[in-house]
Amino acid sequence: EGLYFDRSFDAGSTWGADKIITATPGGWVIDIAGVNRCNGLPVTVCDISSSVHRGTIYVNWVDSRNGDHDVFIVKSTDRGDTWSPPIRVNNDPVRNGREQFFTWATVDPVTGELVIVFYDRRAYAGDSTDVYLARSFDGGATFRNECISEAAFFPTASVFMGDYNGISAYNGRIRPIWTRLHYGLLLIHSLRLDSTITSR
């Protein structure tokens, strides 16, 4: 039916009325070639920094409203009373048949930067897969996309990739983490992104 949101103002003792904050066309169980199980489940994060976007709630997920799978957010600046329309995170051409999937998000609690990691096939006609990082410095209004994997990998449905990737950020230090298939071995990779240096 879509993404539901609820909130508690007494540390979880009582809850308000469930509300649908956006539809999720295609549902959360998604089919990605070469991946034996994939989901577009939502991630909810909140800006607790001292930036101008403090208090903004972001929900990040994947759906197929454009005919292929894209990464989206919605955001609320009034504690969940109202929500923005869905904002597309990946900035490749719309409806190009290239998939983005397995998203995860965080907000830097010092700077307020919204950072999202996901798999991306924008550069390939087949199942070759890159890892992308999307960064927003304006409260999710716009995103800068960057390919952060050294090389593409080619998943196969016979090897379970896991259900989630991950990312953390603190004071400009960003640490995404993801899995990749390499000559039949499932490996865990990370990337060190700092405000002054970038090294793998």
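Ala 11 sits in the loop between E1 and strand E2 (19-22); strands (E, at least two residues) are DSSP runs, numbered from the N terminus. This is a predicted model, where local features need pLDDT of at least 70, side-chain atom pairs count only at pLDDT 80 or more, and totals for chains, interfaces and linings use all residues. Residues are numbered from 1 along each chain as its sequence is written, and side-chain values use heavy atoms, with hydrogens and water left out.

**Exercise 1. Work out whether Ala 11 is buried or exposed, and look at its phi.**

Step 1: grab the cut-offs: buried is under 20% relative accessible area, exposed is over 50%, and partly exposed is in between (1.4 Å probe, protein chains only).
Step 2: Ala 11 has a relative accessible area of 85%, so it is exposed.
Step 3: phi of Ala 11 is near 60°, a positive value in a residue other than glycine.

**Exercise 2. Classify the ring pair of Phe 5 and Trp 83, and say which parts it ties together.**

Step 1: rings of Phe, Tyr and Trp (its six-membered ring) pair if their centres lie within 6.5 Å; planes under 30 degrees apart are stacked, over 60 edge-to-face, and the rest tilted. The structure holds eight such aromatic pairs.
Step 2: for Phe 5 and Trp 83 the centres are 4.9 Å apart and the planes at 65°, so call it edge-to-face.
Step 3: Phe 5 is in strand E1 (residues 3-5) and Trp 83 in the loop between strand E5 (70-76) and strand E6 (87-88), so the pair ties together parts 78 residues apart in sequence.
Step 4: check burial: Phe 5 counts as buried at 13% relative accessibility, and Trp 83 counts as buried at 17%.

**Exercise 3. Do likewise for Tyr 119 and Phe 153.**

Step 1: with 5.5 Å centre to centre and 70° between the planes, this aromatic pair is edge-to-face.
Step 2: Tyr 119 lies in strand E8 (residues 114-120) and Phe 153 in the loop between strand E10 (144-147) and strand E11 (166-170), so parts 34 residues apart in sequence are tied together.
Step 3: Tyr 119 is buried at 1% relative accessibility, and Phe 153 is buried at 4%.
Step 4: widen the view: ring pairs link Phe 101, Phe 102, Tyr 119 and Phe 153 into a cluster.

**Exercise 4. Find the order of the strands in the open sheet of four, and name its edges.**

Step 1: two strands pair if DSSP finds at least two bridges between them.
Step 2: the order is E7-E8-E9-E10, with antiparallel pairing.
Step 3: strand E7 (100-107) and E10 are the edge strands, each pairing on one side only.
Step 4: zoom in on strand E9 (residues 130-136), which four bridges join to E10. Ala 134 stands opposite Asn 145 in E10.

**Exercise 5. Which residues lie over the faces of Phe 72 and Tyr 132?**

Step 1: a charge sits over a ring if NZ of Lys or CZ of Arg is within 6 Å of the ring centre and within 35 degrees of the ring normal.
Step 2: Arg 65 lies over the face of Phe 72, 4.9 Å from the ring centre.
Step 3: Arg 122 lies over the face of Tyr 132, at 4.1 Å from the ring centre.
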